[in-house]
Amino acid sequence: MKTFCGRANPTTGAMEWLEEAEDYDYHQEIARSRYADMLHDKDRNVKYYQGIRAAVSRVKERGEKAIVLDIGTGTGLLSMMAASAGADFCYAIEVFRPMANAAVKIVEKNGFSGKIKVINKHSTEVTVGPDGDMECRANILVTELFDTELIGEGALPTYEHAHKYLVQEGCEAVPHRATVYVQLVESKRMWAWNKLFPVHVEAEDGEKLIVPPSEMENCPGVPSVCDIQLNQMPSSDFTALSGVVTMFSVDFSKPVQSASTYYRVQLELVKSGKAQIVLSWWDIDMDPSGMINCTMAPYWVNPTSALQWRDHWMQCVYFLPSEEPVVQGEKVHLTASRDEYSVWYTLQRASEEENKAAVDVESPVCRCHAHLLWNRARFGELNDQHRTCHYIKALRRVLNTDSVCLCISDGSLLPVLAHYLGAKQVQYFILFFRFLHFILFFEANHLEDKIKIIEARPELLKPSHFKGEKISVLVGEPFFSTSLLPWHNLYFWYARTAVTSHLTSNVTVLPQSASLHMMIVEFQDLWRIRSPCGVCEGFDVQTMDDMIKDSLNFRESKEAEPHPLWEYPCKSLSNPQEVLTFDFRTTVPQHCLSTEGSVNLLRKGKSHGAVLWMEYHLAADISISTGLMQISNEKGNCDWNPHCKQAVYFFSSVIESETLSDTGAVTYGINFDTKTGEIAMDFKL
Ligand code: SAH
């Protein structure tokens, strides 16, 4: 069966109807899933196995039959561990049909069909009794339902239900308990992901300050978790104001309550500074003694123990509603409030605590709209004064007292910069798509009558929008909130083409051009998320590998995927290469833009894939890279733009060169279809 899905093409802006096969969604789900990453997580797997063996032994020692309930069985891995450990029977519950089907195959292939019953249901639909899905309640509860925030995937309501209806009182649970840890820090880098800092503009008539509106300053932001690879955050980028403290823990062997609640701890501050951010992670004890512990603690917590890399569980960054100055030795209270699915933090001064102030358990709601329209990386990008300086320098060169300026970018500061850098009498016409609430920002800076917001698609603009004047300077960052892959921001080129009739014949377009760059890399760890696993702790999971491979190849041409590479270290194996250029001074051509070539591999290593990114040329000598910033040492380690995602194209087979002489070359063909805005690529090693 086919279904049609309507969407605006992120690159061309055109409304289009895509014919999607019914199974498109689940192929996407499987292809982009974290199953491979979980199967590669050795530390997790080994500890689950130890915990499951210990739980089965405890039940057997009591002379009982070991009946296991595995909620969210995925590949069936944990049930197979239980069966191997001597469990008498396992009920393996999986809600996602393609996974449940895979689990049936994997269980059969490994010879456990007689011991494991796969049930394709949500656990809350499972029935117990002679005619039910389960003959009787289980006495061992095994689950892996956690996300980086622990509870974001619904672990609490699932446990609550399971204890009420599916397991016996006093059952064993693997994991036995989870504990959430917090540390209070000051970090300009991370705070810049949540608040807009004042922007300094060196104008002809003195320094101007662009300030955020008070609604934005006081806004508590959004409740969605900010999960990152905290191990990639250098210790120089934050200051710990407190030690690491246990915030709360959950015992999974006892009835669990999912209703909203809060937890409060007292912190004694070890340093003076601004309390801005709560860093948080969790660990799970697989057994009651706490001897089998699997932790997400970042590198500075246990400096001597080896870190397991994983992407399915990372660490959380929580932003306090506002920053609070604190002094060393002071005692403050930190409150974690949670509902069924998310956690948020507030700080109370000790004195307020004495007043027994009521705890606000309301989840944060963004009132300024900025947090809904800018994600964390975009906040960081707008706060990057170095980047802003490049735009200021370039704008200053092209603007003059007669300039009629049009800006095309989402939620951009460029119109404000353009206003301050040009002459006062000139009126600026600004076009904002999908960003209606920016007016607050203009009001805070007394610009509401200086900058006109036009809410219209570019092809619908009329001369009356510009009071009959022609645009002499067209600017864009370019940035669009709908962009997922780097080249989606080429929408600027399409919008520029659509407004051509409103431009003067000698219009200045800034950026004047863009280029697509490519480099072959070896990833330190990211390769795991797309790499087959084969055998996991002695169980054959190749069926899963094949399924992921099928889904990755579901579209005729393989697609590149976006990743923020500052979080995923890699080394360059080739020089960066410019592969395509896009000239914004002219309109989008009718024909495709294609290129072919080869890049030499200069370093030995494993060619895991190609990384692609865009560079924007604001002027002949001013460029902004959204990808590679520099190759930082002889080993080829790369520094990436910390505000942007780059495109990663994983090669289907990895070639390893052991010596410099056999490194060879990679040939590529890249085609930009100007009609569809899609980039297709092919690589041969
Ligand atoms: N147990 C596997 C897979 C864990 S991923 C392993 O450890 O390798 C979690 C899986 O649980 C997903 O496949 C998801 O679809 C499933 N799931 C989550 N909540 C569920 C629920 N309440 N009932 C049934 N399946 C659930």
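Biologist: Leaving aside neighbours within four places in sequence, which residues is Leu565 in contact with?

Modeller: In this predicted model, Leu565 is in contact with Phe523, Leu526, Val611, Trp640, Gln646 and Val648 once its neighbours within four places in sequence are left aside, where contact means heavy atoms within 4.5 Å. Residues are numbered from 1 along each chain as its sequence is written, and side-chain values use heavy atoms, with hydrogens and water left out. Because the model is predicted, local features need pLDDT of at least 70 and side-chain atom pairs count only at pLDDT 80 or more, while totals for chains, interfaces and linings use all residues.

Biologist: Why is Leu565 called buried?

Modeller: Leu565 has a relative accessible area of 1%, and buried means under 20%, as against exposed at over 50% and partly exposed in between, with a 1.4 Å probe and protein chains only, so Leu565 counts as buried. Leu565 is found in the loop between β28 (561-563) and β29 (570-572), strands being DSSP runs of E with at least two residues and helices runs of H or I with at least four, numbered from the N terminus. Leu565 and Cys644 are 79 residues apart in sequence, and their C-alpha atoms are 8.3 Å apart in space.

Biologist: Is Asp43 buried or exposed, and how do you know?

Modeller: Asp43 has 18% relative accessibility and therefore counts as buried. Asp43 has its place in helix α3, and, leaving aside neighbours within four places in sequence, Asp43 is in contact with Cys294, Gln308 and Arg310.

Biologist: What makes α3 oblique to α4?

Modeller: Helix α3 (residues 42-61) and helix α4 (residues 77-84) pack at an angle of about 40°, with their axes 9 Å apart; axes are lines fitted to C-alpha atoms, for helices over the stretch in contact, and angles run from 0 to 180 degrees between N-to-C directions. Angles under 35 degrees count as roughly parallel, over 145 as roughly antiparallel, 65 to 115 as roughly perpendicular and the rest as oblique, so α3 is oblique to α4. Among the residues that meet are Tyr48 and Ile52 in α3, and Leu78 and Met81 in α4.

Biologist: Why are α12 and α13 called oblique to each other?

Modeller: The axes of helix α12 (residues 385-398) and helix α13 (residues 414-421) come within 10 Å and cross at roughly 45°, and α12 and α13 are therefore oblique to each other. Where they meet, α12 brings Thr388, Tyr391, Ile392, Leu395 and Arg396, and α13 brings Leu414, Leu417, Ala418 and Leu421.

Biologist: What makes helix α6 (residues 155-165) largely enclosed by the rest of the structure?

Modeller: Eight of the eleven residues of α6 are buried, so this helix is largely enclosed. The buried residues include Leu156, Tyr159 and His161, and the buried residues of α6 pack against β3 (67-71), β6 (138-143), β7 (167-174), β13 (245-251) and β18 (331-338).

Biologist: What is called a nonpolar core, and which residues have the most contacts inside the largest one?

Modeller: A nonpolar core is a set of buried Ala, Val, Leu, Ile, Met, Phe, Trp, Tyr and Cys residues joined through side-chain atoms within 4.5 Å. The largest has 112 residues, and those with the most contacts inside it are Leu69, Phe146, Leu334 and Tyr345. Strand β15 (residues 273-285) gives the largest share of this core, seven residues. A second, separate core of 49 residues includes Val499, Leu516, Leu593 and Phe683.
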